[in-house]
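Me: I would like a close look at one part of this structure. Could you take me through the sheet and its surroundings, in short steps?

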Amino acid sequence: MKQKKILLISVSAGSGHVRAAQALEKTAKTKFPEMDITHIDMMDYVSTPLRKTIVDSYNIIAKQLPEVWGFFYKKTNKPKIAKYAQKMAGLLNMINTGPFYNYIKATQPDIILCTHFLPIHALSTIQNSKNRKNSKISMLLTDYHNHFFQTSPIINHYFVSCEKIKWRMIYMGIPEEKITESGIPVDPIFYENKKIDELKKIYQADETRKNVLVLSGGQGLVDTNKIILTLWKSNQNLHIFAVAGSNDKLKRELEKLSPPENMRLTVLGWTDKIDEYMRIADIIITKPGGLTTTECITLKKPIIAISPIPGQEEYNAEYILENNFGVIARTPEDLLYYIEKNTPVFPNLKNEINNKKTSAEIILEELQK
C-alpha cells in the first residue's frame with residue numbers, strides 16, 4: 001500500500017510552532033520509519049518583507065508591547081472579525097507567497113498538517129484550484145486555548161491539547177469526529193528514561209541546594225536578570241540554572257552577576273540538553289508557552305509561570321492552575337514567596353509515560369487513516 005505523503009508546515013513566529021512540527025518529524029523517523037514526511041517553515045518560502053513583518057513584529061510586540069498583542073488576540077477571537085481578518089490574510093499571502101504556492105503544487109502532498117494558522121489561510125486560496133490534487137488539511141493547536149483564526153472550512157481535522165479545548169470547539173460548531181484530543185507533541189527525548197542522580201553529578205546539582213531552572217524562552221524574551229536578583233533575596237540555598245537561549249546579550253549580562261554566599265549561578269546560552277536541565281530541577285520558572293508548559297508536565301516538574309503574554313499564554317497559565325501543575329508569579333514578591341514556601345509541588349500522578357502513546361504518535365497514526 002502506497003504511503004501517504006505528509007507535509008508539516010510551521011511558522012517561526014515564536015519557537016513553539018516549529019518545535020511541535022520537529023517533534024512530529026523526529027517521532028516519525030523513529031516510530032514510523034516508512035512514513036513519507038517532510039517539515040518546512042513557511043517563512044522560508046515567503047518574501048523578505050513579509051517574513052520580517054511577521055517574525056520581527058511578533059518578537060517586538062511580545063517583548064515590548066504585550067498588551068497590544070493581547071488586545072489583538074482577544075478582539076479578533078470572534079467569528080465575524082476572524083473571517084474578515086482571514087480574508088485579508090489570504091489576500092496578503094497571494095501577493096507575498098509565490099514560492100510557497102509553487103512548493104505545494106510541485107510536491108502535491110496527500111496530507112498537510114499546520115502548526116500555525118497562517119499556512120491555513122494561505123492554502124485556502126489554492127486548495128480548490130483546478131488541475132491539482134487537493135490535500136487533506138489538518139490543524140494542530142499548540143496552546144491550551146483555541147482561537148477563531150485556527151479554524152477554516154478547508155480543515156479536515158483538528159488536533160487539540162486537552163478535553164476543555166475539544167469541548168470549546170464542539171461548542172463553536174465543529175463536528176466532534178473532526179477533533180482529536182491528542183495533547184501537544186514534544187521532542188521524543190522527553191520520554192526517554194534518564195538517571196536523575198547521574199545527571200545531577202554531571203551538572204553539579206547537589207542535594208544540599210534547591211535547584212531552580214529559569215527559562216527565558218527560545219528568543220530570550222524574559223527579563224531573567226530581574227528574576228535572578230529577586231531570587232537572591234531568598235534565605236534558601238539555591239543553585240540557579242539560567243538559560244538565556246539565543247539571546248547572547250542576555251547571556252553576557254547574566255555572566256557578570258555575582259551571587260550571594262548561599263547561591264550558585266550557572267548561566268547557559270542555547271543548549272540541546274534542555275531536557276536534562278529540566279530533569280534535575282526542583283522548580284522551573286518560565287513563561288507559559290504551550291510547548292514549554294507541556295515539556296514541564298511531561299517530566300512532572302512544578303512550574304512557576306511568569307510574564308505570560310496576554311492572550312494564549314494567559315490561558316496556558318490558567319491551565320497550569322486548573323490542573324495544579326504550578327502557580328503564577330505576577331509580582332517579584334509572589335516569586336519570592338513561592339520559593340521561600342517550597343511551592344508549588346507537582347501533583348503525585350502515576351507515571352504513565354511507558355504505558356501510553358505519546359501525543360506525536362497519536363497524531364501520526366490519525367494522519368495515516
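Reply: Start with Ile 112: its bridge partner in S4 is Ile 137. The names come from DSSP: helices are H or I runs of at least four residues, strands are E runs of at least two, and both are numbered from the N terminus. This is a predicted model, where local features need pLDDT of at least 70, side-chain atom pairs count only at pLDDT 80 or more, and totals for chains, interfaces and linings use all residues. Residues are numbered from 1 along each chain as its sequence is written, and side-chain values use heavy atoms, with hydrogens and water left out.

Ile 112 belongs to strand S3, residues 111-114. Look at which way its side chains go. Ile 111 and Leu 113 point one way, while Ile 112 and Cys 114 point the other. In a regular strand, side chains alternate between the two faces of the sheet. Those four residues of S3 are all buried, that is, under 20% relative accessible area; exposed is over 50%, and partly exposed is in between (1.4 Å probe, protein chains only).

Now the neighbours of S3. S3 and strand S4 (residues 136-140) run parallel, joined by 4 bridges. Strand S1 (residues 5-10) also runs parallel to S3, again with 4 bridges. There, Ile 9 stands opposite Cys 114. Two strands count as paired if DSSP finds at least two bridges between them. Move on from S4 and you reach strand S5 (residues 155-160), which is parallel to S4 and joined to it by 4 bridges. Met 139 has Tyr 158 of S5 as its bridge partner.

Step back to the whole sheet. It is open, with 6 strands in the order S2-S1-S3-S4-S5-S6 and parallel pairing. Strand S2 (36-41) and strand S6 (179-181) are at the edges; each has a single partner strand, so one side of each lacks a neighbour in the sheet. From one strand to the next, the twist averages 20°. Angles here run from 0 to 180 degrees between N-to-C directions, and axes are lines fitted to C-alpha atoms, for helices over the stretch in contact.

Which helices lie across the strands? Helix H1 (residues 16-31) lies across S1, S2, S3 and S4, at about 155° to S1. Helix H15 (residues 359-367) lies across S1, S2, S3, S4, S5 and S6, at about 165° to S5. Contact means heavy atoms within 4.5 Å. H15 has the buried residues Ser 359, Ala 360, Glu 361, Ile 363, Leu 364 and Leu 367. These buried residues of H15 pack against S1, H1, S2, S3, S4 and S5.

Most residues other than glycine have a negative phi. Gln 108 is not a glycine, yet it has a positive phi of about 50°. Gln 108 is partly exposed, with a relative accessible area of 22%.

Ser 307 sits in the loop between strand S11 (303-305) and helix H13 (312-322). Its relative accessible area is 45%, so Ser 307 is partly exposed.
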